[in-house]
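Reader: Could you take me for a close look at one part of this model, starting at the surface and then going inside?

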Amino acid sequence: YDEIGVLSRAFNTMVHNLKFTLSGLKESELNYRSIFENALEGILQTSYEGKILKANPAMAKILGYINVESFMEANTHVHSLYTDSSDMERVVKHLLEFGEIHDFEIQAYTSNNEKTWLSLSAFLVRDAEGTPLQIESMVADINDRKRAEQEREELFDRLTQSQKLEAVGQLAGGIAHDFN
């Protein structure tokens with residue numbers, strides 16, 4: 001009878017510990033899910049071959065989709081997002097060599113097939129043998145910044161042109177003055 005009591009107590013302790021562990025796992029899952037769902041940057045998880053596995057709502061919003069489901073339906077493969085396939089090749093090559101990439105600027109297609117600028121930071125996940133499994137990416141919308149940079153360049157070009165015209169005007173005025 002003592003052995004049964006010992007076994008019973010051990011079993012009850014194991015059940016209690018299991019419930020405690022499961023509770024912790026559930027809380028951890030809820031925390032992860034909250035961070036994933038509420039992140040302001042896009043989060044994209046793809047297989048090494050480029051199949052889109054998961055995306056968060058911010059990723060869908062950045063590319064102009066109503067929700068994650070519509071994004072996932074329209075884009076089963078990450079290749080369809082890149083406007084320049086050589087960008088994707090460079091990202092993968094860099095990931096294979098270094099395991100991660102930071103602030104790589106690319107252009108991607110939005111839901112209405114327009115181009116938008118994105119900043120990509122990614123990490124290559126490997127198995128125990130080192131075989132590439134998946135790519136986990138953080139994606140930021142930098143379209144406004146790129147537009148501002150372009151406007152600044154255009155204004156600088158106009159200023160330079162204006163200064164050249166002013167210099168030519170002064171030169172012509174000086175020559176006309178000399179002729180007078």
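Author: Let's start with His16, which counts as exposed because its relative accessibility is 54% (exposed is over 50%, buried under 20%, partly exposed in between, with a 1.4 Å probe and protein chains only). The model is predicted, with local features needing pLDDT of at least 70, side-chain atom pairs 80 or more, and totals for chains, interfaces and linings using all residues. Numbering runs from 1 along each chain as its sequence is written, and side-chain values use heavy atoms, without hydrogens or water.

His16 sits in helix α1, and its C-alpha atom is 41 Å from that of Lys51, 35 residues apart along the chain. Helix α1 spans residues 2-38 and also holds Leu25 (a helix is a DSSP run of H or I, at least four residues; a strand is E, at least two). Leu25 is exposed too, at 55%.

Now inside: the largest cavity holds about 210 Å³ (points on a 1 Å grid where a 1.4 Å probe fits but cannot get out; lining residues have an atom within 4 Å of a point). Of its 21 lining residues, Leu44, Val78, Tyr82, Leu120 and Ser137 are the closest to the centre. Helix α4 (85-98) and strands β1 (42-47), β3 (100-109), β4 (115-126) and β5 (132-141) each give at least two, with α4 supplying the largest share, four residues. The lining has 17 nonpolar, four polar and no charged residues.

Methods
1 Å grid on protein atoms, 1.4 Å probe; cavity = no way out; pocket = protein on both sides within 12 Å on 5 of 7 lines; lining within 4 Å. Points joined across faces, edges and corners; volume = space filled by probe spheres on them. Nonpolar A, V, L, I, M, F, W, Y, C, P; charged D, E, K, R; others polar.
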